[in-house]
Amino acid sequence: MNEYLNKIICGDCSSENVSLLAKMNQQLIEDEKAETNLNLKQLEKRMKDFINSSYKAFLFYRNENVIGYALCNMTKTPVYLRQFFICRDVRRKGYGKQAFHELLIYLNIQEIDLDVYSWNKTGISFWESLGFEKRCYNMRYMK
């Protein structure tokens, strides 16, 4: 079996990928129970705005099929990973870990920051399994 067929590949996104990115972002929002109440059209606009700013989006491929994406703020030091998503139908197969490592290689970096909602236990476990450590608490007061 060709090793390439099982390898996760990381590639740049363009404005042509906005619709696909927005659909995956909608699933990410559902999965992490985020406080965002944007519809698909609003998510497309937001994603387009991200890509036209200091953010860069990357698609993850396996066997030429898109299996996820990452959205990074490239002006932060270290780079800030705002969104990371692996498609639901390919989870629990190690692709998320492979995709993360491919992203680091693709960006030629060894450090990266991210935020995880405190209630997203699955996300916290995933990132801790990759060696991430808690650095701060982000708190909010709402009346």
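Mentor: Let us begin with a definition: helices (H or I, at least four residues) and strands (E, at least two) are DSSP runs, numbered from the N terminus. Residues are numbered from 1 along each chain as its sequence is written. This is a predicted model, in which local features need pLDDT of at least 70 and side-chain atom pairs count only at pLDDT 80 or more, while totals for chains, interfaces and linings use all residues; side-chain values use heavy atoms, with hydrogens and water left out.

Trainee: How many salt bridges does the structure hold?

Mentor: A salt bridge is a side-chain nitrogen of Lys or Arg within 4 Å of a carboxyl oxygen of Asp or Glu. The structure holds six. One of them joins Lys-45 and Asp-49, at 2.8 Å from N to O. Both residues belong to helix H3 (residues 40-51) and are four residues apart, about one turn of the helix.

Trainee: Is Lys-45 buried or exposed?

Mentor: Buried means under 20% relative accessible area, exposed over 50%, and partly exposed in between (1.4 Å probe, protein chains only). Lys-45 is exposed, at 53%, whereas Asp-49 is partly exposed, at 40%. Elsewhere, salt bridges with shared partners join Glu-30, Asp-31, Arg-88 and Arg-91 into one network.

Trainee: Which parts does the salt bridge of Glu-102 and Lys-7 tie together?

Mentor: The closest N and O atoms of Glu-102 and Lys-7 are 2.9 Å apart. Glu-102 is buried, with a relative accessible area of 18%, and Lys-7 is partly exposed, with 34%.

Trainee: What is the order of the strands in the open sheet?

Mentor: Two strands pair if DSSP finds at least two bridges between them. The open sheet has five strands in the order S1-S2-S3-S4-S5, with mixed pairing. S1 and strand S5 (112-114) stand at the edges with a single partner strand each, so one side of each has no neighbour in the sheet. Within the sheet, strand S3 (residues 65-73) and strand S4 (residues 79-86) pair in the antiparallel sense over six bridges. Tyr-69 stands opposite Phe-85 in S4.

Trainee: Which strands does H3 touch?

Mentor: Contact means heavy atoms within 4.5 Å. Axes are lines fitted to C-alpha atoms, for helices over the stretch in contact, and angles run from 0 to 180 degrees between N-to-C directions. H3 packs on the sheet and touches S2, S3 and S4, its direction making about 140° with that of S4.

Trainee: How many aromatic pairs are there?

Mentor: Rings of Phe, Tyr and Trp (its six-membered ring) pair if their centres lie within 6.5 Å; planes under 30 degrees apart count as stacked, over 60 as edge-to-face and the rest as tilted. The count comes to eleven aromatic pairs. For Phe-60 and Phe-84, the ring centres are 5.5 Å apart and the planes stand at 55°, so the pair is tilted. Phe-60 is in strand S2 and Phe-84 in strand S4, 24 residues apart, and both are buried. Phe-100 and Trp-127 form an edge-to-face pair, with 5.6 Å centre to centre and 75° between the planes. Ring pairs link Phe-60, Phe-84, Phe-100, Phe-126, Trp-127 and Phe-132 into a cluster.
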